[in-house]
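Please keep the sequence and the model at hand while reading.

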Amino acid sequence: MLSSTSALILLVITLPIAIWAAMSDLKRMKIPNKAVLALAAVWPLIGWYLVPFDAWLWGFALMAIVLVIGYLAYVTGTFGAGDAKYAAAMAGIFTGADYGLVMLLVAGCLIGALVTHRIMRAIPAIRRLTPDWESWTQRRYFPLGFAMSGILVFYLLAQIWPQV
């Protein structure tokens, strides 16, 4: 549903927020509420300009649905609260998306983030540069903000590239 121009505008605005959330989650295993609020503000502030009005309204519905699902996942202990809020904040951008592509990106980014994190954790030079990162020593939980930021960025990049 996003045009390549709309996706480019969203990418320019959301990329710093996505990097902030990913780095914070890697370092502290927490996504700051300010990052979530900044990303959540993108849809109401400029979404109306980038997509048709009815799609913009559906974006709010999608954000609410993802928030409820994320909360339920949080309550069961399968998802962090910050991860649930971050997923809901980015959900509006996926309104009208090809959900086959989105599911492919979700799977690819989850696997890619896990492999990248484990490789980076095993490299002594990286560990010396980032000795205080909590995600290096965390055994039970994984910094999903790292993967979710990838999903958002790669989705927007896929919308920018011309369709074949």
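## Ser135

Ser135 counts as buried because its relative accessibility is 1%, buried meaning under 20% relative accessible area with a 1.4 Å probe and protein chains only. Ser135 is found in helix 7, where helices are DSSP runs of H or I with at least four residues, numbered from the N terminus. Leaving aside residues up to four places away in sequence, Ser135 touches Asp25, Leu26, Lys27, Met29, His117, Arg121 and Pro143, a contact being heavy atoms within 4.5 Å.

This is a predicted model, in which local features need pLDDT of at least 70 and side-chain atom pairs count only at pLDDT 80 or more, while totals for chains, interfaces and linings use all residues. Residues are numbered from 1 along each chain as its sequence is written, and side-chain values use heavy atoms, with hydrogens and water left out.

## Helix 5

In helix 5, the residues Val102, Leu105, Cys109, Ala113, His117 and Arg121 are buried, and what covers them includes helix 1 (4-28), helix 6 (124-129), helix 7 (134-137) and helix 8 (144-160). At the start of helix 5, a side-chain oxygen of Asp98 comes to within 3.1 Å of the backbone nitrogen of Gly100.

## Helices 2 and 3

The axes of helix 2 (residues 33-50) and helix 3 (residues 53-75), which are lines fitted to C-alpha atoms over the stretch in contact, come within 10 Å and cross at roughly 165 degrees. Helix 2 is therefore roughly antiparallel to helix 3, a term for angles over 145 degrees. Helix 2 makes this contact through Ala40, Trp43, Pro44, Gly47 and Trp48, and helix 3 through Ala55, Trp56, Gly59, Phe60 and Met63.

Conventions. Buried < 20%, exposed > 50% of the residue type's maximum accessible area, 1.4 Å probe, protein only. Helix = DSSP H or I, 4+ residues; strand = E, 2+ residues; numbered from the N terminus. Polar contact = N/O pair within 3.5 Å; in protein donor to acceptor, adjacent residues only side chain to side chain. Axes fitted to C-alpha atoms, helices over the stretch in contact; angles between N-to-C directions. Parallel < 35°, antiparallel > 145°, perpendicular 65-115°, else oblique.
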